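Take a look at the model below. The text then walks through a chain contact and a surface patch.

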Amino acid sequence: MLGYTLKRLLQMVLVLWAVSVIVFLMMSFTGDPVFMVIPIDSTAAEIEQARRLLGLDQSIFNQYWYFIGNLLQGDFGRSYVFRQPALDLILERLPATMEMVLVAITMATVIAIPLGVYAGANPNRASSRSIMAGSLIGISLPGFWVGMMLIFIFSVRYQLLPSSGRGDTIEVLGVRLSILTADGWAHILLPSITLALATLAIILRITRAGMMEVTRQDYMKFARAKGASRRHILFAHGLKNALIPVVTIFGLQLGDLIAFATITETIFAWPGTGKLLIDSIYRGDRPVIVVYLMLTAFIFVVINFLVDIVYTLIDPRITVR
Amino acid sequence: MLNLRKKSGRAALFAAALMLVSAGWETSADAKSLTIGLTSDAVNLDPQAGEELSSNILFYHIYDPLVRRNADLSFGPGLAESWELTDDTTWVFKLRQGVKFHNGEEFKASDVVFTLDRLKKSLMANLGANISEFRAVDDYTVEIKTPRPYAVLPNDLAAVLILSEKYAKEVGDEQLDLKPIGTGPYKLTEWVKEDHLKLTANADYFAGAPVIDDVTFRPITNGATRTAALLTGEVDVIQDLNVRDVDRVKADDRYNVLSQPSLLNIVLSLDMREKSPTIALDKNPLTDQRVREAMVRAIDINAIKTVIMNGLSTPSEQYVPSSHTGYVEGMSFRDLYPYDVKKAAELMEAAGYKDGFTLTLDTTNNRYVNDAQIAQALASMFAKVKIDLKLNLMPKSNFFGYIRVPSDKSSMIMSGWDVPSGDAGSMYSVMFYSRGKKEGYGQVNRGSYSNPEVDALIDKADATSKLDERDGYLQDVTKILMKDIPMIPVHYEQDLYAAKKSVKLTPRADKFLWAYEIDVAE
């Protein structure tokens, strides 16, 4: 286990290094950030001055070298536009995104797994078919459309829930949380539902497929023959075995939602990291983009590691090595 | 599922209660509040940290300039009570006495000197390009020298916001970005990035305490969401109402739609060099005045207005709006060269381009209102006079680097240009002055236009300290340019706002939403 963890750590460092190189190289091909922050009629001397102020007068290799050097000292660079440390900018917005994503994925899982088990155990019932049809809609509807529709129906038409923003927050250990206030909940519901929909549908379909697979297995029939209740068999024996692919997908989806909740955040004016990424790309704010993508890679690696651990808990035959 | 419903029901009740409470606040007589939905958040609150409109709107609530630009673009006293020219290049500004920064510190001449000094070393250095020396004569007098006679120095200073020397030095750049202190009508009370920024009235404001006590700015990037936030009562005013939502909001008698022609002139710069990079001919046809005239005549500006802009644009008459120096009364591109495809084709034939030619238009697809559609429309309009217009569309982050002078990859560029200083000279000198002839001139002359007569007139305009003389020279430049057509102006976009009926708001020409000028009905 220790060896395995060390191996994963090494992998993580390699992945992060690769991401930093790729992003740095890619950034050097996209537009010149100087022109995004200075007035358009600046003279050549003023452009040079700005370039110096932003450290862009150096070659891309030097820039990368400084970046890595500073990184090893815990300095992730400073945004050209905000002039704040890039990591701070991201961490400041991360709680909002995490909160929305966690509410969404909890919603999705809590709804999807029971429905998936039901649909998998009774594939021929009309109710199962309508669940599956519903899940197809969930996968195919684009998030921005769903978001707009929810706003139209729940905010504009019936004035039940607010359309945008985060609402009242309470500060806990320096982190603003909205899930601790009623107003916060009113604000988080619509974006979370929007975000949850596709994930819900995917988890539901995978659960169902897994269940259909395991219900045909002999041990299920055997357990039934021993006289265990159907409900017990489905959840204790069936679900446990059907869960491995679900955990994989859950991990991937979680990473995905954290990294790319952008559209939902934009529609609901949710002050999270996704919007920061888009704005930064728009403004050519390289330090923020680099750190953001590295953080995203980090999150994926960690989630994958946790997923592997969870495998061993579900199925003792799987060991981590 | 059931559990979830219950929660949402409770949340809804709470939200409804909250709306009632906030509605109650608005109607109470003693504290007026206003919530404004902006298209984006400020990136930081240091006015010298870079160019960003949303930040700009917020700056003017917190800081004051020496010279104030009024809603109609005229200029009046700000932190400076008066100013005068003592010789051709020396300006003396008399400062207002007894003005206090938000932290209680008194505003003095040393703050102005500090601000100008810092400006010269910042990303916004271009604002101080025409200032060579400055010093505090006494606590309430500042002397500013320009390198040459420069009649529009006060215009430039309207964009320079005065910082507190003591505070800025004390807290450093990073804190200044987050917790700014100025002399302005509002103080910053809370800023949760990307969520809301709260201001409270500065009761000691030198021009009188603001009518509205609490102002909240909320960044809502998505246009449809912004409209929704207005319709649900979450905000009282929104900036940049979506064009497609105009009818929807107009139909609701609880709201007003307000519009104001913007200062942003969408223009087509033409390459005037002998050989042009995207035209496969030995001689660049764009150097022929007849071809350029044909191009103007081939553009059906009214079709662009009605079909693409939904009626929400103002075809440009000249390169600058009528409020600016250098504008010539009663002269218009649309009258000089009205839409006439037949005449355009004749001009093309006379110039020897009966079979037309091919060239590429470089422009953005995410910067100006419907930029990509306008480009496509131009292509089909030019096709009628056998000009085959290829489109090279790109996001703005690439565009401004691509077209920068002197990269010279373009034959034709569509971009937007506004002249917030209210002075055509600031545009003419960088855009139409011969390139490379004089430092600080012609640096964005993207078409390499060169006319000694124009250069001489701009020199004269920049050599006088008398505003009316300057205006005269610049008007002469305008007349020459409109004959030469190195650039085709297309239209001004329309700034759109929507507000609750109770909000008394008159849009400013410069797109700044200034809560100090807004009132809400009791």
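The paragraphs below start with the ground rules, then turn to the interface and the patch.

This is a predicted model, in which local features need pLDDT of at least 70, side-chain atom pairs count only at pLDDT 80 or more, and totals for chains, interfaces and linings use all residues. Residues are numbered from 1 along each chain as its sequence is written, chains are lettered from A and ligands numbered from 1 in the order in which they are written, and side-chain values use heavy atoms, with hydrogens and water left out.

Start with the interface. Chain A brings 54 residues to the contact and chain B brings 60 (contact means heavy atoms within 4.5 Å). The size of an interface is often given as the accessible area lost when the parts come together. Here the buried area is about 5,100 Å², with 57% from carbon and sulfur atoms; this is the accessible area (1.4 Å probe) that two parts lose on being put together, summed over both.

Between chain A and chain B there are 5 salt bridges (a side-chain nitrogen of Lys or Arg within 4 Å of a carboxyl oxygen of Asp or Glu). Arg83(A) and Asp177(B) form a salt bridge at 2.7 Å, N to O.

Now the surface. A nonpolar patch of about 1,000 Å² includes Phe144(A), Trp145(A), Tyr158(A) and Ile263(A). Patch residues have over 30% relative accessible area and no salt bridge; like charges are joined within 9 Å, nonpolar side chains (Val, Leu, Ile, Met, Phe, Trp, Tyr) within 5 Å. Ile263(A) counts as partly exposed because its relative accessibility is 49% (buried is under 20%, exposed over 50%, partly exposed in between; 1.4 Å probe, protein chains only).

Key: Accessible areas come from the Shrake-Rupley method with a 1.4 Å probe; for residues, only the protein chains shown count as cover.
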